[in-house]
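Subject: Structure handover

Hello,

Please find the structure below, followed by notes on what was found in it.

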Amino acid sequence: MPAQVITITSGKGGVGKTTAVANIAVALASEGAKVVCIDGDIGLRNLDVILGLENLIVYDIVDVIEGRCRLRQAMIRDKKLPELYLIPAAQTRDKNAVSPSDMNRLIKDLRNDFDFVLIDSPAGIERGFKNAIAPADRVLVVTNPEVSAVRDADRVIGILEAEEKGPGSLIINRLNPTLVKNHDMLSADDVLDLLAVELIGIVPEDEHVIIGSNRGAPVAFDPKSRAGQAFRNIAKRLRGEKVPFLDLDDTGGFWQRLQRLAGRK
Amino acid sequence: MGFFERLFGKKNSADSAKERLQLVLIHDRMDLTPAELDSLRDDLIATISRHVEIDAQSVQIGMEHDGRSQRLVADIPLKGASRRRAKRSK
Ligand SMILES: Nc1ncnc2c1ncn2[C@@H]1O[C@H](COP(=O)(O)OP(=O)(O)O)[C@@H](O)[C@H]1O
Ligand SMILES: [Mg+2]
């Protein structure tokens with residue numbers, strides 16, 4: 001079966017696109033899927049450090065497009081997961097070095113060799129974003145439960161509809177259950193009400209994400225991280241499994257609840 | 001939310017966020033500035049008035065939405081007493 005090409009975008013910067021791409025890629029590849037992720041953020045390369053592969057880069061996506069190397073030569077194999085590859089962004093070029101038809105051509109060559117192609121989109125709605133969505137079969141829009149991120153997500157969803165890429169599926173990232181409980185953060189339901197699109201994942205705010213990025217080891221590797229669990233669930237949903245959404249209203253897990261009941265906490 | 005905020009009936013911040021976003025998204029999706037909306041309203045009043053007498057002061061234009069699809073809804077009251085057709089003015 002040819003690959004599913006999935007682009008992760010957001011409008012606003014810093015909401016967790018690169019984090020999502022790295023973690024969904026790790027989760028998919030851990031379950032045995034063949035995955036290649038492409039850093040579409042030309043000039044602001046980041047996916048390589050989040051995946052811990054920055055020391056292995058020789059060629060980048062612009063080298064491929066401009067014919068300085070073959071596609072295979074620019075693909076970096078993950079250290080832990082042999083079925084996971086990265087095509088890094090160019091760091092010293094700008095977004096105009098790549099066009100949407102370049103992207104379509106490049107992805108066409110990958111479709112038959114992989115199960116999933118994940119594309120990390122840059123922020124904004126200009127050239128880099130257009131490049132990233134051009135080859136997409138499916139688009140995931142990342143937002144945070146916060147006014148500016150939701151507003152930008154709505155803009156992006158509108159553009160996706162206009163470009164006939166479907167409305168996209170929503171990842172609500174960095175949800176803080178305590179703030180939601182105190183009515184000081186939009187809940188997942190609020191965000192869904194406002195944006196009126198399909199939900200594919202709710203990822204809690206989790207310090208493990210930062211710790212993982214320090215080490216170049218995405219949290220999807222960490223069986224104890226709640227954000228890691230949320231990303232693993234998104235990967236399952238992308239494969240067509242029905243997985244219930246995490247119950248984030250309950251700040252503790254089963255054990256914490258039990259301990260509270262037993263009066264220990 | 002703190003004690004004083006509750007005491008003075010200040011809305012919690014998530015509710016403010018949601019209400020503000022509802023309005024902002026309506027305008028963003030419509031792709032019309034408030035000034036453009038005003039001018040649309042004036043044009044609409046002028047056009048309709050050429051056919052029937054309306055109560056221009058009470059014309060209401062609003063947005064309704066169902067999921068992501070939006071519709072412009074105009075409420076245009078006709079002049080109560082005189083239901084007859086407006087004189088065609090040139
Ligand atoms: N669920 C999360 N919990 C805590 N920190 C997060 C979470 N998701 C992302 N972050 C942090 O937010 C910052 C921006 O994330 P990043 O993935 O680089 O965003 P983008 O690619 O959209 O610009 C990073 O420092 C990242 O570690
Ligand atoms: Mg990024």
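A:Ala123 sits in the loop of chain A between β5 (116-120) and α6 (127-133); helices (H or I, at least four residues) and strands (E, at least two) are DSSP runs, numbered from the N terminus. With a relative accessibility of 37%, A:Ala123 counts as partly exposed. On this scale buried means under 20% relative accessible area, exposed over 50%, and partly exposed in between (1.4 Å probe, protein chains only). From A:Ala123 to A:Ile65 the C-alpha to C-alpha distance is 22 Å, and the two are 58 residues apart in sequence.

This is a predicted model: local features need pLDDT of at least 70, side-chain atom pairs count only at pLDDT 80 or more, and totals for chains, interfaces and linings use all residues. Residues are numbered from 1 along each chain as its sequence is written, chains are lettered from A and ligands numbered from 1 in the order in which they are written, and side-chain values use heavy atoms, with hydrogens and water left out.

Chain A as a whole

Chain A contains 12 helices and eight strands. Its radius of gyration is 18 Å, close to the 18 Å that the globule rule gives for 265 residues, so chain A is as compact as a globular protein of that length. The radius is taken over C-alpha atoms, and the rule is 2.2 Å times the number of residues to the power 0.38. The C-alpha trace of chain A spans about 65 × 40 × 35 Å along its principal axes. Buried residues are 54% of the 265 in chain A. Of the contacts in chain A with a separation of 6 or more, 74% are between residues 24 or more positions apart.

Local features of chain A

Helix α5 (residues 100-110) of chain A has the buried residues A:Asp102, A:Met103, A:Leu106, A:Ile107 and A:Leu110. Viewed down the axis of α5(A), these buried residues fall within an arc of 120 degrees, so they line one face of the helix; the arc is that of the directions from the helix axis to the C-beta atoms. The face of α5(A) turned away from the buried side carries the exposed residues A:Arg105, A:Lys108 and A:Asp109.

Most residues other than glycine have a negative phi. A:Arg174, in strand β7 of chain A, has a positive phi of about 65 degrees although it is not a glycine. A:Arg174 is partly exposed, at 34% relative accessible area. A:Ala196, likewise not a glycine, has a positive phi of about 50 degrees. The loop between α9 (188-195) and β8 (198-204) of chain A holds A:Ala196, which is partly exposed at 31%.

Chain B

Chain B has three helices and two strands, in the pattern α-α-α-β-β along the sequence. Of its 90 residues, 17% are buried. Chain B exposes about 6800 Å², and carbon and sulfur atoms supply 53% of that area.

Regards

Note on methods:
Contact = heavy atoms within 4.5 Å. Areas by Shrake-Rupley, 256 points an atom, 1.4 Å probe, with all protein chains shown as cover.
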